[in-house]
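This report covers selected local features of one model, with the cut-offs behind each term. The sequence and structure come first.

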Amino acid sequence: MGKVFVFGSLNMDLVINSPYLPQKGETMYGSGFMTNPGGKGANQAAAAGKLGAEIYMGGAVGDDSFGAQLLDNLRGFGVNVDAVRMVKNCATGIAVIVVIDGDNRIILDGGANNRVTRADVDRLLEKAEAGDIFLCPLENPIPVLGYALETAGRKGMYVVLNPAPMNRDIAPYLPYVDMLIPNETEFAALVGDKLAEGGEKLMAMGVKDVVVTLGAKGYCYISKGEMVCEDCIKMPVVDTTAAGDTFCGALCAELSLGKTVAQALSFANRAAAVTVTRKGAQAAIPTREEIQL
């Protein structure tokens, strides 16, 4: 079994439900306020940990109560956080999430996530080996993430990039990526909205495989000139906050357990479907037993 290494963001999510977005100068009542450990990197690590992977997380938190809570929460999911640095005199990353009719609008303050360095990458990947899996989203500074992708690629790791939120500055590092997992919007921002043609463009840019997540429409897997799509499993939607992160973490967990790409994609699709039926980020991610019911 290979190990999974995630380098990425750790945030505390501040979540509130609202009937609509307030207008300029408007004050309104929401409901169901909650704090919930999040951050795309931490969510993906939590998903992999909950689903049985040997998982290591790298990144940074502030020296505040939120930072300590985030680390304790990840440890509870079996995630090794020894490579997550606590930055002195700095706030932990925050995500303010407004949920409207099951869909989310998110405002980020990166905090300590913006303080990561190449040394943090080296600390995480010090014991990584060829064949291990490296996964990262794009909520940290691009030069550091690019270095992480290059380092993982040179080590012979299987490199998975979730380009969210989209930043085209990551393009020079795509040749180090074995699997790119954008959603529809991110895919269009990179190469346009036509899946087959866009897939070919990404292959020409150095990416080996592409998985485009399509929300309620499922996903399409593009590899070696062929495209295979699978519909989303229909479930009652409560909150979509961590669905994409669950998909990425579940996919990497399955690959680390020796499953084929097709098996891992199908499992990740089921995991994401369960996630949207629950509120929150990491709290909404299912266990393996809950997916198999």
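Leaving aside neighbours within four places in sequence, Ser 223 is in contact (heavy atoms within 4.5 Å) with Met 203 and Asp 209. Ser 223 lies in strand S12, residues 219-223. Its relative accessibility is 14%, so Ser 223 counts as buried; buried means under 20% relative accessible area, exposed over 50%, and partly exposed in between, with a 1.4 Å probe and protein chains only.

The model is predicted: local features need pLDDT of at least 70 and side-chain atom pairs count only at pLDDT 80 or more, while totals for chains, interfaces and linings use all residues. Residues are numbered from 1 along each chain as its sequence is written, and side-chain values use heavy atoms, with hydrogens and water left out. Helices (H or I, at least four residues) and strands (E, at least two) are DSSP runs, numbered from the N terminus.

**Sheet**

An open sheet is formed by 4 strands in the order S3-S2-S6-S7, with mixed pairing; two strands pair if DSSP finds at least two bridges between them. Strands S3 (31-38) and S7 (103-109) are the edges, each pairing on one side only. From one strand to the next, the twist averages 20°. Helix H2 (residues 65-76) packs on the sheet, where it touches S2 (11-17), S3 and S6, and its direction makes about 95° with that of S2. Axes are lines fitted to C-alpha atoms, for helices over the stretch in contact, and angles run from 0 to 180 degrees between N-to-C directions.

Strand S6 (residues 93-100) runs antiparallel to S7 and is joined to it by 7 bridges. Ala 95 has Leu 108 in S7 as its bridge partner.

**Helix pair H3 and H4**

The axes of H3 (residues 118-125) and H4 (residues 142-154) come within 9 Å and cross at roughly 30°. That makes H3 roughly parallel to H4, a label for angles under 35 degrees. The crossing is right-handed, meaning that the near helix is turned clockwise from the far one by less than a right angle. The residues that meet are tabulated below.

| Helix | Residues at the contact |
|---|---|
| H3 | Arg 118, Val 121, Asp 122, Leu 125 |
| H4 | Val 144, Tyr 147, Ala 148, Thr 151, Ala 152 |

**Helix H7**

Helix H7 (residues 243-256) has 14 residues and spans 20 Å from first to last C-alpha, close to the 20 Å expected at 1.5 Å a residue; the expected span is 1.5 Å times one less than the number of residues. Of the 14 residues of H7, 13 are buried, so H7 is largely enclosed by the rest of the structure. Just after H7, Gly 258 takes a positive phi of about 90°.

Conventions
Parallel < 35°, antiparallel > 145°, perpendicular 65-115°, else oblique.
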